Amino acid sequence: MASPNSTFTEIVTTTLAGYSKTLADNVTNGNALLRHIDGKGNKQVATGRTIVQELEYATNSTAKWYSGYEVLDTSTSNVFTAAEFNYKQLAGNVVISGLEQVENSGKEAIFNLLKSRVRNLEKTLKNTMATGLYADGTGTDGKELGGLQLIVPGTNTNTVGGISANTYTFWRNQVYDFSAQSPSVTPSATTIQTAMNTLWLNTVRGADHPDCIVADSTYFQYYWASLQTNQRFTSDDKASAGFMNLMFMDAPVYYDDQCPASKMYMLNSDYLFLRPAQGREFSPLGEKASVNQDAMVLPVVWAGNMTCSNRARQGVIQA
């Protein structure tokens, strides 16, 4: 079906194509965790049949002290493997009817209509991606993003990236469960810092430690209340980004309304990645005419997944 206004479709298509980078940046900057990962340079393009995330799982066994002519160990050390993640896909559409094309025939009118539709789609994609960051990968018949409830679950012996943490202990994340303490502990403003201290020490390896903490409203308020007059906000760049946050050790503690109830995630973002597929990071596809309506559809698509290269440096507090 030919468009009733070829100028209209040309402007819409070229504007969306030019806006794709801005759209991707706005979605990223609309979420504290995504912004933190991107700031580490860990939003990396993925190519190939699956998303392969290389990881170290052992130390080099040939390192040893020696004396004089003692024979050195030259045997091969297997220290690398890879986790393999499937692509997950997200799409939204800018839809414009034939009548709207006729009624908005001037260039300024086209831009105004397109601007409002794209902004609406941008907000929707932000919210959908923000929810997906905490998903376990099973939602919508397994089509949803594999987020923190998969990578840093409360039961840490699941399979992630094709590697079973039940079999390989190096692939287990850290868990502090209030109810699993002996005797059990009730989450509160007086107990939250002990939980955070314990989990922090469990996730530390030398100078390697969590650099980002996200929490639901309950645990964020417990921590906030525990600080009393000592509370302080993090650096100006994070505060100016509009995200509500405090500090623990030298890591920002963010409140995220998408975080699952009664959860606080202690993350080392050096090992967390968002891997968008090449050419599919909120990219507009070509104009498509509806087969049974007088309308034009322009899909905006994203494909990729969240990956991890070291689960042992990630932790979660729960009840």
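The questions and answers below concern a predicted model of one chain.

Reader: Why is Y255 called partly exposed?
Author: Its relative accessibility is 33%. Buried requires under 20% and exposed requires over 50%, so Y255 counts as partly exposed. Y255 is placed in strand β9, residues 251–255.

Reader: What makes W224, M244 and Y255 a nonpolar patch?
Author: Trp, Met and Tyr are on the list of nonpolar side chains, which are joined within 5 Å, and a patch residue needs over 30% relative accessible area and no salt bridge. Y255, at 33%, passes the area cut-off. Together W224, M244 and Y255 have about 250 Å² of accessible area on the surface.

Reader: Why is T140 called exposed?
Author: The cut-off for exposed is over 50%. T140 has 56% relative accessibility, so it counts as exposed. T140 belongs to helix α5, residues 139–142, and has phi near 50 degrees, a positive value in a residue other than glycine.

Reader: How do you know that D141 is exposed?
Author: D141 has 75% relative accessibility, and the cut-off is over 50%, so D141 counts as exposed. D141 also lies in helix α5. Its phi is near 55 degrees, again positive in a residue other than glycine.

Reader: What is the omega of the peptide bond from S182 to P183?
Author: Omega is near -5 degrees, and the bond is cis. P183 sits in the loop between β6 (174–177) and α7 (192–203).

Reader: How many of the residues in the chain are buried, as a percentage?
Author: Of the 319 residues, 46% are buried, with under 20% relative accessible area as the criterion.

Terms used. Residues numbered from 1 in each chain as written. Predicted model: local features only at pLDDT ≥ 70, side-chain atom pairs only at ≥ 80, totals over all residues. Heavy atoms only, no water. Buried < 20%, exposed > 50% of the residue type's maximum accessible area, 1.4 Å probe, protein only. Patch = residues over 30% accessible without salt bridge, like charges linked within 9 Å, V, L, I, M, F, W, Y side chains within 5 Å. Areas by Shrake-Rupley, 256 points an atom, 1.4 Å probe, with all protein chains shown as cover. Salt bridge = Lys/Arg side-chain N within 4 Å of Asp/Glu carboxyl O. Helix = DSSP H or I, 4+ residues; strand = E, 2+ residues; numbered from the N terminus.
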